[in-house]
Amino acid sequence: MFKNYNMNQVVLPLDLEIKLQENDIAYSIHDLVEQIPDQAFDQFTQHTGCPAYHPRMMMKVILCAYTQSVFSGRKIEGLLKDSIRMMWLAQGYEPSYRTINRFRVHPKVKLLLRECFVQFRCHLVQEGQIENEAIFIDGTKVEANANKFTFVWRKAVEKYHAQLIEKSNQIYDELVENEIIPEIKRETPEELSTEELSDVAEKMEEKIEELNQNIEASADVNERKHLRTKRKEQKQLHKQFRNFSERKQKYEQDMNTFGNRNSYSKTDTDATFMRMKDDYMKNGQLKAGYNLQIATEGQYALAYDIFPNPTDTRTFLPFLDYIEEHFKSIFLSFRPTSLQMLVTEVRKIIMMSWKSVIVHHL
């Protein structure tokens with residue numbers, strides 16, 4: 001005796017919600033996204049072209065796929081055809097992987113995800129999963145997608161920059177002293193700027209052109225030979241000042257990229273070289289990475305930010321300021337004044353500890 005099984009009989013489509021269990025993750029995702037105000041989705045409205053998929057549906061599909069550790073656009077597209085929970089959340093729609101990828105890299109989705117954090121925290125409080133009294137902050141280092149040999153170090157740039165300034169000033173003073181070029185107007189007497197180095201190179205070029213004319217006008221063999229030798233020296237100096245200008249411009253760009261850091265990667269200028277927890281080579285090699293700071297409570301992530309600083313001591317106060325600015329509505333138990341007082345008190349404690357360390361060393 002078998003249960004009825006007939007592939008030739010027409011079966012009406014059933015509501016897929018019947019197939020889901022009562023505690024399925026799809027219900028939680030559905031409730032979370034539905035709590036986001038409608039005003040958050042107004043920025044996705046388009047009045048021309050083909051009607052787009054609703055951003056609520058796209059957000060539900062992507063969040064559900066992430067809960068199943070599926071991050072590829074093509075695999076998410078496959079789940080929309082195979083997974084019952086994904087079919088129910090999408091209500092039968094099957095956006096392509098291109099549509100999914102375009103949606104999640106859209107610049108406005110970043111604000112939508114922040115709104116999800118707000119609603120997620122409020123939902124956890126309503127369900128009694130977390131308390132309002134405290135948050136816990138910790139950081140972890142994430143390796144960047146950059147080659148480990150693309151490092152640029154601040155000390156090396158400062159060293160070579162100082163050598164360039166010294167050498168360019170020395171050669172310039174010799175040129176002016178020997179009356180090869182006239183003295184140019186300088187902004188600072190300590191060093192030549194990029195524009196001033198270019199001006200010196202242009203004056204050298206004019207001097208070389210003058211020597212070319214003298215060589216063509218001269219009929220004396222010895223004089224022509226002397227002028228050629230002199231022209232050769234001038235060409236070398238001209239090339240050197242062009243190189244000085246290019247290098248100085250590069251060093252200035254490097255210093256702007258450094259900011260308050262001591263290193264960066266050429267292929268990912270936002271990444272800083274730091275020691276990672278996973279040392280594959282077992283030699284303490286520095287790798288390009290980021291310091292990810294997360295605020296949690298009850299093992300739920302409530303706020304996050306990424307910093308290029310390798311230590312948590314230099315990210316704690318900026319992270320508190322970031323929470324106050326962008327996630328203030330998440331921490332309902334913290335009034336604006338109390339959170340500001342917390343930041344102020346932490347700053348005082350850190351400054352007092354630094355002063356005690358300085359006095360101890362003195």
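The exercises below treat salt bridges and one surface patch in a predicted model.

**Exercise 1.** How many salt bridges does a search of the whole structure find, and which residue meets Asp-38 in one of them?

Solution. The search covers the whole structure and gives seven salt bridges. In one of them, the side chain of Asp-38 meets that of Arg-56, with an N to O distance of 2.5 Å. This pair links distant parts of the chain, 18 residues apart. Asp-38 sits in the loop between α1 (25-34) and α2 (55-67), while Arg-56 belongs to helix α2.

**Exercise 2.** Classify Asp-38 and Arg-56 as buried or exposed.

Solution. Take Asp-38 to begin with: its relative accessibility is 51%. The cut-off for exposed is over 50%, so Asp-38 counts as exposed. Next, Arg-56 has a relative accessible area of 9%. Buried means under 20%, so Arg-56 is buried.

**Exercise 3.** Which residue forms a salt bridge with Glu-205, and in which helices do the two residues lie?

Solution. The partner of Glu-205 is Arg-242, and the closest N and O atoms are 3.7 Å apart. The cut-off for a salt bridge is within 4 Å, so the pair qualifies. Glu-205 is part of helix α8 (residues 194-217) and Arg-242 of helix α9 (residues 221-258), so the contact ties together parts that are 37 residues apart in sequence. For accessibility, Glu-205 stands at 42% and counts as partly exposed. Arg-242, at 32%, also counts as partly exposed.

**Exercise 4.** For the salt bridge between Lys-250 and Asp-254, state what separates the two residues along helix α9, then classify Lys-250 and Asp-254 by accessibility.

Solution. Start with the contact: the closest N and O atoms of Lys-250 and Asp-254 are 3.0 Å apart. Both residues are in helix α9, four residues apart, so about one helical turn separates them. Lys-250 has 44% relative accessibility and is therefore partly exposed. Asp-254 has 4% relative accessibility and therefore counts as buried.

**Exercise 5.** Which residues make the nonpolar surface patch of about 310 Å², and where does Phe-151 lie?

Solution. The patch is made by Phe-149, Phe-151 and Trp-153. Of these, Phe-151 lies in strand β2, which spans residues 151-153. A patch residue needs over 30% relative accessible area. Phe-151 has 36% and is partly exposed, so this requirement is met.

Notes:
Residues numbered from 1 in each chain as written. Predicted model: local features only at pLDDT ≥ 70, side-chain atom pairs only at ≥ 80, totals over all residues. Heavy atoms only, no water. Buried < 20%, exposed > 50% of the residue type's maximum accessible area, 1.4 Å probe, protein only. Patch = residues over 30% accessible without salt bridge, like charges linked within 9 Å, V, L, I, M, F, W, Y side chains within 5 Å. Areas by Shrake-Rupley, 256 points an atom, 1.4 Å probe, with all protein chains shown as cover.
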